[in-house]
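Hi everyone, thanks for coming.

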Amino acid sequence: MANRRQWLTGAGVGVVAAAVIATGLSGTAGDSPFAGRSLFTALAGSAATGAPAAGSPGAPSATPTSSSGTSSPTPPPHASYAPMGAFTDSGAEGVQRINGLENWLGGTEATVGHTYLPGDDWSGIEGAGGLLKPWAAWKRAKQDRLFVLNVPMQEHNEDHVPDSEVRGLIRQGARGDFDAHFTKLAMRLVDLGVPDTVIVLGWEMNGTTYTHRCGPDPEGWKTYWNRIVAAMRAVPGQHFRFDFTPNRGQDAIGWTECYPGDKSVDIVGMDSYDQPPGETFNDQITEPYGLQAQVDFAAQHGKAISYPEWGLFRNGDNPDYMRKMLQWIDDHEPMYQTITDYCPHGVWQCTENPKSSKVYRSVLFGRKPAPEPTPTPTPTPTETGTPTPSGTPTPTVSPSATPTTPIPTTPVPTTPTVTPSVLPPVTPTPALTPVAVPTVSPSGSPTATPNPQAGPTPLPPPVEACLPIQLTEEQKKQYASGEICIRLQPKAPPASSTPTPKPKPTTAKPAPTTPTPQATTPAPSLSPTPALSPTPALSPTPTP
């Protein structure tokens, strides 16, 4: 945000100027409270109002009393909270102070660790040196912790580089000239065991403070962002999430003009300090590119929200802002939020905001983290359920034997279909005593009209001859083979002059396994006539 460091006035400026000379640092006070971060953390209190600096003898202890001097508040009704933390220092000191902040908040866990890579040169942006190691160790100590890392996109990031030079640097980045630096950083983070780091890349790009700003060439800047994300995601083992975090409000350029696209952004963040002077919190919500615009934009793009930087600024100790900002965070459930905790922004290490400190502590005192890590064990039940299907094949084997038993019933329907009662219309030589014997299922049905005078005269074996007869087209459809023949058998010659009773017409009886009572229907039309006598002309003739 523009001109956020102009609070260093009067005697405070002399202190900072002396410190700059003593440390060999160059440059003037810029727009962001994170420019020259380590220096201003050490001098924040003394430069502003003479308050003790963090880490100095007068700095807060591990369990300080509230800035307002009140006793420990009771936990609020809203007992859970979005993952939270505070920026207290960029190096190992920042890690060590997390425990003191938790004690001051009555055991509320600061589950978010937040720091910044220096943007002086490319080696700092690559994560060289020991700055990342203590943060990585802190993150690995507990599974539910989140490590947030601000990463500059250009070296000389706070050297007030003019727009014309920034434009050329953006185009170099868009060509891929700087990809290797970000590949090294990604490999370092994976090697340190923090492959899921949240990367706040090129933060406050819509302002004028940083060399990695977007305004001089928005299109080239978006291409450059996408190249950085692609280079870091190409490193094996990474699970980075990239946070697009502008300043709240219009600033130098509308921040939506710098948005690089959904494929390379996981979180839409916002740095939101209490400024400019006289602006109400409702103004901060409704202004163009304000808090409501951020929430709406993130929802439209399916992204989570975050507040990596927020705190007091131009309106002094403002408990109304503190209360309403905490309520906004509760209502909109960001992925994480980290207050900037040094003067003039902070509430724990800065003693000049006692009213806001009391509000912050009373709201967050004794809270428990929101149950976000609970969904993590959900993959485990899916594995235990896998053996269940393995037992199901056992029941499926036994039913398979049951359908085999109805198979013998299939020949039953064939018998009635082969012996229909359509033989009476047959015209050839009614003088014979034909017996319909289909080739498929022979039947002994002619015995249904026995002759009571027939004696038990033995007959010669049947002659295997068949006399085909003509069938109509309708009759052919009723037989499986489409044809029918008459099996002929000669009568026994008379033994003497005494009248011999007519023999009973018989046929070769098949095995009695398939008797069909339906076969008795053709018998009335085929009953023998007393006048019949064997005709020599109809002697059995073999037919195929």
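**A walk through the model**

Let's start at Pro276, which sits in the loop between strand S8 (272-273) and helix H9 (281-286). When I say helix or strand, I mean DSSP runs numbered from the N terminus: H or I over at least four residues for helices, E over at least two for strands. The bond that joins Gln275 to Pro276 is a cis peptide bond, with omega at about 0 degrees.

Before going on, a word on what we're looking at. This is a predicted model, where local features need pLDDT of at least 70 and side-chain atom pairs count only at pLDDT 80 or more, while totals for chains, interfaces and linings use all residues. Residues are numbered from 1 along each chain as its sequence is written, and side-chain values use heavy atoms, with hydrogens and water left out.

Now the overview. The protein chain has 17 helices and 14 strands. Of its 544 residues, 44% are buried; buried means under 20% relative accessible area, exposed means over 50%, and partly exposed is in between, using a 1.4 Å probe and protein chains only. The chain exposes about 26200 Å², and carbon and sulfur atoms supply 59% of that; these areas come from the Shrake-Rupley method with a 1.4 Å probe, and for residues only the protein chains shown count as cover. If we take contacts with a separation of 6 or more, 79% of them are between residues 24 or more positions apart. Contact here means heavy atoms within 4.5 Å.

Next, the cysteines. How many disulfides does a search of the whole structure find? It finds two, a disulfide being a pair of cysteine sulfur atoms within 2.5 Å.

Cys214 is in the loop between strand S5 (198-201) and helix H8 (218-233), and Cys258 is in the loop between strand S6 (241-244) and strand S7 (267-269), so the pair ties together parts that are 44 residues apart in sequence. Are Cys214 and Cys258 buried or exposed? Both are buried.

Cys343 and Cys350 also form a disulfide, and their sulfur atoms are 1.8 Å apart. This link is right-handed, with 100 degrees about the S-S bond, and both of these cysteines are buried. Pro344 belongs to the loop between strand S11 (337-340) and helix H12 (354-364).

Let's turn to a pair of helices. Two packed helices are described by the angle between their axes and the distance between the axes. For helix H3 (residues 92-104) and helix H5 (residues 132-141), the axes come within 7 Å and cross at roughly 30 degrees. The axes are lines fitted to C-alpha atoms, for helices over the stretch in contact, and the angles run from 0 to 180 degrees between N-to-C directions. That crossing makes H3 roughly parallel to H5; under 35 degrees counts as roughly parallel, over 145 as roughly antiparallel, 65 to 115 as roughly perpendicular, and the rest as oblique. H3 brings Ala92, Gly94, Val95 and Ile98 to the contact, and H5 brings Pro134, Trp135 and Trp138. These residues divide into six nonpolar, one polar and no charged, where Ala, Val, Leu, Ile, Met, Phe, Trp, Tyr, Cys and Pro count as nonpolar, Asp, Glu, Lys and Arg as charged, and the others, Gly among them, as polar.

Asp251, in the loop between S6 and S7, has a positive phi near 55 degrees although the residue is not glycine. At 28% relative accessibility, Asp251 counts as partly exposed. Glu333, in the loop between helix H11 (319-332) and S11, also has a positive phi, near 45 degrees, and at 64% relative accessibility Glu333 counts as exposed.

Last stop: Val200, in strand S5. Val200 has 0% relative accessibility and counts as buried. Beyond residues up to four places away in sequence, Val200 touches Val148, Leu149, Asn150, Val151, Asp243, Thr245 and Tyr336.
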